[in-house]
Structures are given as structure tokens and as C-alpha cells.
Amino acid sequence: MSEVRVLIADDQALLRGSFRMLVDSTPGLSVVGEAGTGVEAVRLARRERPDVVLMDIRMPEMDGLEATRLICGGREKGPVRVLILTTFDLDSYVYTALRAGASGFLLKDAKPADLLSAIRVVAGGEALLAPSVTRRLIEQFARAPVRATAPTLEGVTGREREVLTLIATGLSNNEIATELNLSLATVKTHIGHLLAKLHARDRAQLVITAYESGLVSAAR
């Protein structure tokens with residue numbers, strides 16, 4: 001992978017500076033801009049087209065959730081992926097952030113090595129859904145009313161449904177390969193087909209689709 005370009009969006013200058021030092025001192029990563037408000041984050045994301053935006057939730061002018069929706073909903077060439085960083089470990093934020101198009105959700109007290117790993121994971125097109133975050137997402141679906149226009153799984157094969165079910169329960173590609181007795185390459189192929197058939201940006205959206213379509217229930 002070529003150098004990963006990162007935009008940092010946080011209303012606290014001290015935190016932005018700390019994140020910048022960490023990212024810029026890591027080979028293969030570089031910071032292309034800093035934003036102190038949601039509005040500025042959207043403007044810089046559209047201008048710089050970073051690979052990953054580290055996005056705070058609570059910011060002035062526009063919160064990080066709305067900024068994420070605008071950034072991820074753009075039609076510009078090349079995806080800009082958003083990794084939500086917050087001190088607020090609340091269920092509603094998890095669900096809303098993923099629905100807005102975020103590819104990951106990480107608390108600000110994460111270890112530096114975990115943050116750097118998360119940036120690389122998200123930049124590579126994967127979703128960062130730690131087991132604890134996946135559990136909260138499941139709980140959120142359990143409380144939420146059924147959507148009137150739930151997505152369908154038309155065209156998805158039986159094996160792809162099995163893979164999608166395991167993705168929704170938080171399993172990694174390696175764990176799915178072991179569970180279904182498949183090669184890792186085959187699992188990745190199935191996931192690629194699922195992304196295309198379900199018009200999903202990444203793994204996070206596959207999880208949402210699995211629940212909203214009724215394939216997986218929160219009572220699993």
C-alpha cells in the first residue's frame with residue numbers, strides 16, 4: 001500500500017497536535033490537514049481527498065456524525081474513509097456513525113499502536129468493528145423499531161449468506177475461514193461479492209445490512 005494520507009478532525013488543538021505527531025512519526029502514514037470544526041473537516045476532506053479521516057464526534061458548527069455523512073456520501077472519485085474517535089462510549093453514536101458511512105469506531109483512550117493499526121485497517125478498505133462495538137451495535141438493533149424499507153438479499157447465494165451472518169457476529173476473515181472450512185482467499189472473494197451485490201461501502205455496512213434485512217437477529 002502507498003502512503004496513507006490522514007486528516008485529523010478534533011476541536012481540541014492539543015489532541016490534534018498529539019495525533020499529528022503520532023501519525024507523522026510513523027512510516028507509511030502522513031497528516032495532510034487538521035480541522036477544528038465539522039464544517040472545516042468536510043471542506044478539507046473534499047479538497048485533500050485523504051485516505052482516512054480521524055473524526056471526533058462533538059465539534060462546533062457541525063458534529064462529526066453529520067460531517068461523516070457528508071464526506072462519505074460524496075460522489076467524488078476515490079473513497080474517503082472515516083474512523084470515528086471519541087471519548088463517549090454510547091450505543092447511539094455507534095449505530096449513527098456506521099449508518100452515516102463510518103468505517104470504524106475507536107475510543108480516544110486506545111493505545112497508540114491500536115490507533116495506528118486502525119488507520120491502516122480502515123485505509124485498506126476493511127471495517128474496524130471490535131467485539132465490544134459489535135455487541136453495542138447488536139443491542140442497538142434490538143431496541144430499534146423495524147425499518148419500513150428493510151434491505152433485501154436478492155441475488156446473494158447460500159454460502160454468501162453464511163459468510164454475511166458470521167461477519168455480522170463479529171468474526172474476522174480468518175475466523176470465518178476456519179468456521180466454514182474455507183481458504184482465506186475464498187472468504188475474501190465471497191466478501192467482495194457481498195460488497196458488490198449489496199452496494200456496501202465496507203464491512204461495517206455489511207453488518208448493518210445483515211441485521212436490517214432480518215438475516216441476523218439481535219437475539220443471536
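Biologist: Which residues have the most contacts inside the largest nonpolar core?
Modeller: In this predicted model, they are A9, V53, M55, I71, V82, I84 and F105, within a core of 27 residues. A nonpolar core here is a set of buried Ala, Val, Leu, Ile, Met, Phe, Trp, Tyr and Cys residues joined through side-chain atoms within 4.5 Å, with buried meaning under 20% relative accessible area for a 1.4 Å probe, protein chains only.

Biologist: And which elements supply at least two residues of this core each?
Modeller: Those are β1 (4-9), α2, β3 (52-55), α3, β4 (81-86), α4 (91-100) and α10 (203-212), as DSSP runs numbered from the N terminus (helices H or I, at least four residues; strands E, at least two).

Biologist: What is V53 in contact with, leaving aside neighbours within four places in sequence?
Modeller: V53 is in contact (heavy atoms within 4.5 Å) with L7, A9, A45, V80, R81, V82 and L83.

Biologist: How many residues are in the other core?
Modeller: That core, which lies apart from the largest one, has 20 residues, among them V163, L180, V187 and V207.

Biologist: Switching to helices, at what angle do α2 and α3 pack?
Modeller: Helix α2 (residues 38-48) and helix α3 (residues 64-72) pack at about 20°, their axes 9 Å apart, where axes are lines fitted to C-alpha atoms over the stretch in contact and angles run from 0 to 180 degrees between N-to-C directions. The two are therefore roughly parallel (under 35 degrees).

Biologist: Which residues make that contact?
Modeller: G38, A41, V42, A45 and R46 come from α2, whereas A67, L70 and I71 come from α3.

Key. Residues numbered from 1 in each chain as written. Predicted model: local features only at pLDDT ≥ 70, side-chain atom pairs only at ≥ 80, totals over all residues. Heavy atoms only, no water. Parallel < 35°, antiparallel > 145°, perpendicular 65-115°, else oblique. Buried < 20%, exposed > 50% of the residue type's maximum accessible area, 1.4 Å probe, protein only.
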